[in-house]
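Hello,

Here is the structure I promised to pass on. Please open it first, then read my notes below.

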Amino acid sequence: ILTNSSLSSLPMFAMGLFLLAEGVHAKFDTPRAKFFWEGTSPNRKYHMVKWASVCRPKALGGLGITNSRLLNIALMCKWIWKIAQGASGLWADLLKAKYFPDGNFFEGRARGSPFWNDLQAIKPTFAVGAKFSIGNGRSARFWADLWIGAQPLWAEFRDLYAIDVDPAMTVAEALVSTPPEIHFKRELNGQEQTSLAALLQLIDPIGLSDQPDTVSWALTSSGKFTVNSLYRKLCRGPAQLVIAGLWKARLPLKIKLFLWQMFRDKLPTSLNVAKRNGPATGPCALCEEPEDANHVFFRCPLARFAWSAVREAAGVDWDPRSRPELVSSLSGFQGASRRVMWTCAAAMLWAIWNTRNKYTIEGVFPSHPADVIFKCIVFLQQWAPLGRQQDSDLHRQAICRLRAVYSESRDPPSDVLAAA
């Protein structure tokens, strides 16, 4: 929260006026990443996840921290939108008089002042969300811009676009005559002839007029430009791990971040610390098996005991042995039960992690395996007020059942002791 509200907002004004250099953004990222991973501590800590992944929106697997590079581009594109909508004022009059006296920004000079050069550099990005309504056809590029159909023509007719003589031509240059002035580098084969016929049929209803082209925004339902819509579009990329229900869970933010790292296997486990040449060799301090997230939370003897307590308390038969299995088990619940089970699972995972850190880092082993259940109960009691009011009865039931399991584990019944 502080990273976004404070550090990420400091360069906002500058990013709205200038397309900042890569080195400047790198200088922004260094203190932001340091603050996020290390806080105000003088001790250095491991940066477990690449900063680019951290800066992706939560819906795309990141943490929602601002990507300054993409936001810079989105903010600058707002100037193009204002110009395309006929903005007035001293700044607009100066740009028009110097760079596009005919009134068409998209036919303006290629080079000029630093601000003008920045606008020219981001024109391809503006085209990602711009949709042109054709008038005289001089603003829209025939192949690259969205002016007919649901996507630009280059995406629909890739085979023709790849061999077009002038891929940067405007709609006006293409539709200046009948048939359209579309020329290719070689003779078309049978499949390409079919594509060309489909293309000509698609653009046949379009005619040019004396009116200038108009621009709307395809990324919003209102048709008006927003920085947020373009920023989210630019953030899209290869799919990353997204855990359904994590960010809606009624948990402290610190625990959500812990779970986000755990599901990615990016916690400072012995294997991860060893990969970073840290003070670890890889095996678990308790059982000497290779220690990754799956081992710490699901396969270590302490974890197996902890999850057996959860099964007993919740009356379920699932037995997670890995992170995906836990997610699958949690998805089997609905409504209030799912919310409470998320809280219970988070409390148990956090209890296991705290116990593991005690004996791995401090060398303090629990006096009894049931102590991890006790920690889980304490965390549940602390987090219960964060839940919905209608879930309070289920929370109390979960805590009571865990207490019973804890008591039974700590002090086995006399018949069990006699049998032993």
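Start at Asn136. Leaving aside neighbours within four places in sequence, Asn136 is in contact with Ala172, Leu208, Ser209, Asp210, Gln211, Pro212 and Asp213. Keep in mind that this is a predicted model. Asn136 sits in the loop between β1 (130–133) and α9 (153–156). Is it buried or exposed? Its relative accessibility is 16%, so Asn136 counts as buried, the cut-off being under 20%.

Next, look at helix α19, residues 335–361. It has 27 residues. From first C-alpha to last it reaches 39 Å, close to the 39 Å expected at 1.5 Å a residue. Just after α19, Gly363 takes a positive phi of about 70°.

Helix α17 (residues 301–314) packs against α19 at an angle of about 155°. Their axes are 11 Å apart. The angle is over 145°, so α17 is roughly antiparallel to α19. The crossing is right-handed. On the α17 side, the contact is made by Leu302, Ala303, Ala306, Trp307, Val310 and Ala314. On the α19 side, the residues are Met341, Ala345, Met348, Leu349, Ile352, Thr355 and Tyr359.

Now the cores. The largest nonpolar core has 64 residues. Leu259, Phe297, Trp307, Leu349 and Ile352 touch the most other members. α19 gives the most to this core, with 14 residues. Apart from this core lies another, of 51 residues, among them Cys77, Phe142, Trp147 and Ile163.

Last, Trp307. Not counting residues up to four places away in sequence, Trp307 touches Phe297, Phe298, Trp318, Pro320, Leu326, Ala345, Met348, Leu349 and Ile352.

Best wishes

Notes:
Residues numbered from 1 in each chain as written. Predicted model: local features only at pLDDT ≥ 70, side-chain atom pairs only at ≥ 80, totals over all residues. Heavy atoms only, no water. Helix = DSSP H or I, 4+ residues; strand = E, 2+ residues; numbered from the N terminus. Expected span 1.5 Å × (residues − 1). Core = buried A, V, L, I, M, F, W, Y, C linked by side-chain atoms within 4.5 Å. Buried < 20%, exposed > 50% of the residue type's maximum accessible area, 1.4 Å probe, protein only. Contact = heavy atoms within 4.5 Å. Axes fitted to C-alpha atoms, helices over the stretch in contact; angles between N-to-C directions. Parallel < 35°, antiparallel > 145°, perpendicular 65-115°, else oblique. Left-handed = near helix turned anticlockwise from the far one by under 90°.
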